[in-house]
Amino acid sequence: MLSGSGAAAAGTAPWPALREELQIHPAGANRDGSPAWHICDPVRNLFFRIGWLEFEILQRWPAADAEAIARQVGEATTLAPEPQDIAQFQGFLARHQLLRAVRQKAPMPAWRWLLNNYLFVRIPLVRPAHLLARLLPWVSWLFTRWFAGLSAAAALVGLVLAARQWDTVEANLRGALSWEGVLGFAGALIFSKLLHEVGHALVSTRHGVRVGHMGVALLVMWPMAYTDTGESWKLERSRHRFAIASAGIASELVLAAWCTFFWAFLPDGDLRNALFFLATTAWVLTLLVNASPFMRFDGYYMLTDALDFPGLHERAGQQARRCLRHWLLGLNEPVPETLSAGFRRFLIAFAFATWIYRLVLFVGIAVVVYHAFFKALGVLLFIVELGVFVGRPVFAELRVWRERRAEIPRRRRLGWLLALTAAALFVLVPWHAGISAAGVVKAGAEQPVYSPFAARLVSLDMTNGQAIAPGSELLTLDAPNQAEERDKARALAAAYTRTARGALGLDDGPAAKLAVAEQLAVRWDAESRAREAELLRLRLVSTYAGQVRDVDPLVRAGTWVGPSQLVAMVVDGRRWRVEALVPERDRQRLSTTMPATVIVKGRTRKLEGKVVAIDNSPVKRLPHMLLAQDHGGPIALNPTLPKKDLRPAEAWFRVTVEGETDEPLSAVREVRVHFEGVRESLAHGWLDSALSVVIQQSGF
């Protein structure tokens with residue numbers, strides 16, 4: 001037990017006493033060979049590692065005076081502490097609530113606790129210490145060298161055989177996308193993670209470490225098992241702590257090894273499928289998640305124990321922040337602790353890698369949280385997630401910079417002032433005017449050649465690439481039924497006309513017959529003219545000069561063509577039209593008659609034209625499949641609709657550009673169009689994009 005008390009000197013604050021229930025245990029040696037100890041807080045089940053100086057200070061804590069403690073330590077040991085060293089250690093004890101005189105903090109409000117802990121919540125379920133002690137003798141063979149070697153051999157053989165059956169592995173992975181596969185992987189995940197935690201618990205018990213409890217942790221509301229092995233810091237040897245930390249990964253790898261081995265030999269069936277799920281779950285999740293040292297998973301504790309460097313994240317972060325402040329602000333801070341130059345560089349690199357990894361991870365978690373709830377709450381939690389786990393550490397460091405701004409050299413402050421001014425000018429001043437958009441170019445004048453109705457082709461006097469003058473006949477069609485109906489109408493009209501003329505010599509009685517005959521003659525004469533007009537429609541001529549393209553190779557003289565059958569195209573390639581797609585933000589910066597430069601893919605010569613039309617509503621379908629990502633284009637399609645619909649995933653607005661060129665265009669081509677739009681600052685564009693995303697995703 002640790003205890004201590006002291007009387008207050010006149011006019012000074014009372015010397016705080018240590019909490020009476022604290023314990024101290026040897027912890028082996030530090031990396032530099034100096035001895036180390038652990039302060040145990042049994043109430044909170046926490047352990048704090050201290051060095052030789054801190055141990056000597058605790059031994060003389062009843063002296064109740066920083067100068068007296070420093071003097072006694074200097075007289076009794078080779079250490080030479082200063083009173084400020086004792087004051088700093090006192091601050092450490094106070095921050096971690098190890099002093100009895102420290103005023104206890106007010107209870108944290110429930111809303112704030114939920115805000116800070118909804119990402120990770122632990123729920124203890126069982127206290128398995130007695131059961132583990134009884135189970136350990138029965139599974140002692142799992143810790144033998146022969147079993148480890150046999151498992152390694154099984155893993156090697158299983159992986160080699162699985163590689164030789166890779167087509168079967170791929171088929172099983174594709175089958176895992178079904179509901180049965182999802183349920184299989186879920187069951188395998190539960191089993192492998194339970195085995196993972198049992199591995200931690202058994203190895204802890206084997207090394208004499210009490211397993212306080214086991215339970216379920218909620219990681220972003222996702223349940224996962226955990227084991228309390230906090231008392232492993234009582235162990236003096238780091239290799240024993242490493243064994244406990246690596247026991248979970250080792251258990252899953254052993255499971256994966258034997259499942260892979262037996263899967264390679266068993267026939268198809270439910271048992272083989274179960275082994276496949278267990279093997280893939282153990283291999284993939286163990287290596288990708290648990291082995292990562294950048295979060296407080298097994299990989300972190302394994303690396304900490306392998307280096308024998310407790311508090312790796314915090315101590316590496318201190319080294320990196322000192323280095324960052326020196327690089328950016330020119331601050332020359334004392335080193336947090338004495339380390340070799342190579343190891344210090346490793347800690348700095350590790351800290352930066354951890355920050356980058358956590359930034360990516362927390363942004364990903366924020367996206368998961370957003371999609372896990374309805375939109376309004378999802379947006380709120382997304383902002384809270386980024387603010388608490390990304391923004392708060394950044395602002396805390398910026399607060400330190402602001403408080404220490406007087407220590408920054410004048411030259412460095414002037415340099416940063418110039419850099420920030422230049423950045424503000426670059427972001428806030430509307431320099432940006434150019435707009436680039438993807439599109440397709442096609443001929444500006446196209447005449448499709450169709451038959452107006454079902455007809456027989458008499459002659460086809462055009463070929464691909466042939467130049468056509470305005471008014472040139474393109475092809476000759478014949479409609480026998482129409483000609484027969486026309487001839488029939490003519491004959492009937494003539495017959496009724498003769499009848500009407502012959503009726504002039506009859507009596508008055510047949511006068512009505514005369515009127516009817518005249519009416520029928522007029523009717524059939526109109527029918528004849530209508531049939532003649534229909535036949536005239538079969539004479540297809542070009543409306544403008546151009547070039548013949550896309551002649552149907554199946555069309556020959558004597559064949560019949562329908563009204564929906566495209567026979568050929570007459571294209572004026574010297575006039576061109578571009579359909580470009582721009583987002584809403586860029587559409588507002590464009591106007592008609594604005595010049596545009598078109599760069600045709602695969603062509604060096606640029607085209608110059610003008611904007612002739614700007615749509616006010618988003619397109620429902622891409623102008624051409626060349627623009628779709630599935631066909632090598634830049635625009636993503638809506639994944640919920642069939643690909644053939646060419647429905648874009650986002651809102652795009654059509655901008656039509658027209659112009660003329662001396663060199664005719666030969667086909668539809670993908671292009672990149674550049675406009676000189678209304679000038680806009682980068683900050684304005686970023687703000688518009690952010691507000692657009694928030695409004696769109698929140699459903700406002």
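**Confidence**

I began by noting that this is a predicted model, and I looked up the confidence before anything else. The chain has an average pLDDT of 78, and 79% of the residues reach at least 70.

I then turned to the second largest pocket, for which I noted a volume of about 880 Å³. Its lining consists of 29 residues, and those closest to the pocket centre are Leu 142, Phe 143, Ala 250, Ser 251 and Val 254. Which helices supply at least two residues each to this lining? I found helix H6 (145–164), helix H8 (179–206) and helix H9 (238–263), with H9 giving the largest share at 10 residues. Sorting the lining by class, I counted 19 nonpolar, 7 polar and 3 charged residues.

**Salt bridges**

My next entry concerns charged pairs, and the structure holds 21 salt bridges. I looked at the one in which the side chains of Glu 579 and Lys 442 meet, with N and O 3.4 Å apart. This pair links distant parts of the chain, as Glu 579 belongs to strand E14 (residues 568–582) and Lys 442 to strand E7 (residues 432–449), 137 residues away. Are these two partners buried or exposed? Glu 579 counts as buried because its relative accessibility is 13%, and Lys 442, with a relative accessible area of 18%, is buried too.

I set beside this a local pair, Glu 584 and Arg 587, whose side chains form a salt bridge at 3.3 Å, N to O. Both residues lie in helix H18 (residues 584–587), and because they are 3 residues apart there, about one helical turn separates them. I recorded Glu 584 as partly exposed at 30% relative accessibility, whereas Arg 587 is buried at 18%.

A further salt bridge joins Arg 589 to Asp 586, with the closest N and O atoms 3.4 Å apart, and both of these residues are buried. I also noted a network in which Arg 325, Glu 333, Glu 397, Arg 404 and Glu 407 are joined by salt bridges that share partners.

**His 200**

I looked up His 200 next and placed it in helix H8, which also supplies residues to the lining of the second largest pocket. His 200 is buried, because its relative accessible area is 7% and buried means under 20%. Leaving out residues up to four places away in sequence, I listed its contacts as Thr 227, Thr 229, Ile 244, Ala 245, Ala 247, Gly 248 and Asp 298. For Thr 229 I also wrote down the separation, which is 29 residues in sequence and 7.6 Å in space from C-alpha to C-alpha.

**Pro 26**

My last entry is Pro 26, which lies in strand E1 (residues 23–29) and counts as partly exposed at 41% relative accessibility. What does Pro 26 contact, leaving aside its neighbours within four places in sequence? I found Ala 36, Trp 37, Lys 234 and Glu 236. The C-alpha atoms of Pro 26 and Ala 36 are 6.3 Å apart, although the two residues stand 10 residues apart in sequence.

Methods
Residues are numbered from 1 along each chain as its sequence is written. This is a predicted model: local features need pLDDT of at least 70, side-chain atom pairs count only at pLDDT 80 or more; totals for chains, interfaces and linings use all residues. Side-chain values use heavy atoms; hydrogens and water are left out. On a 1 Å grid over the protein atoms alone, a cavity is a set of points where a 1.4 Å probe fits but cannot get out, and a pocket is an open set with protein on both sides within 12 Å along at least five of seven lines; lining residues have an atom within 4 Å of a point. Grid points are joined across faces, edges and corners, and a volume is the space filled by probe spheres set on the points. Helices (H or I, at least four residues) and strands (E, at least two) are DSSP runs, numbered from the N terminus. Ala, Val, Leu, Ile, Met, Phe, Trp, Tyr, Cys and Pro count as nonpolar, Asp, Glu, Lys and Arg as charged, and the others, Gly among them, as polar. A salt bridge is a side-chain nitrogen of Lys or Arg within 4 Å of a carboxyl oxygen of Asp or Glu. Buried means under 20% relative accessible area, exposed over 50%, partly exposed in between (1.4 Å probe, protein chains only). Contact means heavy atoms within 4.5 Å. pLDDT is the predictor's confidence in each residue, from 0 to 100.
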